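Good morning, colleagues. I would ask you to look at the model on the screen while I describe its surface and its overall build.

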Amino acid sequence: MDFRLKVFYTVALRLNFTKAATELYITQPAVSKHIQELEETYKTKLFERNGSKIALTPAGKILLKYTKSIFDIYREIDFEMSSFNKERQGLLRLGASTTISQYIISPVLASFHQKQKDIKVNLLNGNTEQIENALINKEIEIGIVEGQSKNQSIKYIPFLKDELVLVCSSKNPLVQQNEISVNDLKSMKFITRERGSGTLEVIEFALKKANLKLANLHIEMQLGSTESIKSYLLNSDCFAFMSIHAVSKELKNKELIVLDIEKLAIERYFYIITLQGKSDSLSELFIQNLASHYNLKL
C-alpha cells in the first residue's frame with residue numbers, strides 16, 4: 001500500500017494537517033511532504049489552502065473516491081487471506097446512532113471480540129442522519145440506526161423492536177395520573193433531541209397520526225444526547241419521549257416514571273444498514289454475530 005495515499009486519505013477526512021499527523025504518528029512536515037509528492041506525481045493541486053483552513057480541490061475529490069475503493073479492497077484482502085490461517089484479521093468500521101451506541105451495542109461488541117480477537121472494530125457515534133451519511137461516503141461498512149429515512153442507496157434490515165415512552169422525573173406532580181390524553185401533551189413542557197435524530201423522526205410521525213404536530217408542543221430545549229436529556233428531566237418538571245432501553249436503569253431506581261398516553265403507543269425497529277449491492281465477508285460475519293446475540297433470523 002502506498003503510504004502517501006494513506007496520508008492523503010487521512011488529511012482528506014480530517015481536513016487538518018495537524019490532526020492527520022497525530023493520527024498517523026508522523027510529523028506535520030512529513031504530512032506536507034507526502035501530499036506535495038502526490039501533487040507532483042499527478043501534476044495538480046489536491047488541496048486548496050486558505051490560511052489555516054484547507055479544502056479538497058476537484059482533483060482531490062476524485063482521488064479520495066478511488067482511495068476509498070482501494071482501501072476497501074485492501075481491507076477485504078486482509079480478512080479473506082487471514083481466514084486461511086484460521087486467525088481472522090481485519091478492520092471493521094461500524095456506525096451507531098446515539099441510543100444504540102450507548103445502550104444496545106456494547107454487549108454485542110464484547111461478544112464479537114471474544115470470538116474474533118484479531119478483528120479490530122472502530123465505532124463511530126452520531127445521529128441517524130450522520131451515520132447514514134458516513135455509510136454513503138464509505139467511512140463505515142455497517143450502520144445501526146434508530147430511524148428509517150428510506151434512502152434508495154441504503155439497505156435497511158430491521159433487527160430489534162423498541163418502544164418510545166413518555167417519561168418524567170418521579171417528583172413531577174403529573175405522575176399521580178394513571179393516564180393522560182394526547183390533548184394533554186399540548187400543555188406540557190418537553191425536551192427533545194436535535195434535528196437529524198432518528199428518535200425525533202419517529203416521534204413526529206407518531207404524533208402526526210394522532211393529529212398532533214411537533215410544533216403544537218411546548219419544546220423547552222433541544223439537546224444533543226440521551227444522557228443530557230435524562231439529566232435535565234431529573235432536575236426539571238419537563239417531559240421527554242425516550243427509548244425504553246435508554247431509561248431502564250432510571251425506571252428501576254424510580255428516578256424516572258413512565259406516563260401512559262391514551263390511544264398512543266410509539267413503537268419502532270432499530271435497523272442494520274449497509275449499502276445496496278455492497279457486501280463483504282467481514283461485514284456479513286458481524287451481522288451474523290448480531291443476529292445470533294439476539295436470536296434473530298435476518
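I begin with a patch of negative charge on the surface, where E163, E179, D260 and E262 gather. Such patches are made of residues with over 30% relative accessible area and no salt bridge, and like charges are joined within 9 Å. A salt bridge here is a side-chain nitrogen of Lys or Arg within 4 Å of a carboxyl oxygen of Asp or Glu. Asp and Glu count as negative, Lys and Arg as positive, while His and the chain ends are not counted.

This is a predicted model, in which local features need pLDDT of at least 70, side-chain atom pairs count only at pLDDT 80 or more, and totals for chains use all residues. Residues are numbered from 1 along each chain as its sequence is written, and side-chain values use heavy atoms, without hydrogens and water.

D260 counts as partly exposed because its relative accessibility is 47%; buried means under 20%, exposed over 50%, and partly exposed in between, with a 1.4 Å probe and protein chains only.

Let me turn to E204. This residue belongs to helix α8, residues 198-209, and is partly exposed at 28%. Leaving aside residues up to four places away in sequence, E204 touches R195 and L214, a contact being heavy atoms within 4.5 Å.

Finally, the whole protein. Of its 298 residues, 45% count as buried. The C-alpha trace spans about 70 × 50 × 35 Å along its principal axes.

Definitions and conventions:
Patch = residues over 30% accessible without salt bridge, like charges linked within 9 Å, V, L, I, M, F, W, Y side chains within 5 Å. Areas by Shrake-Rupley, 256 points an atom, 1.4 Å probe, with all protein chains shown as cover. Charge placed at Lys NZ, Arg CZ, Asp CG, Glu CD. Helix = DSSP H or I, 4+ residues; strand = E, 2+ residues; numbered from the N terminus.
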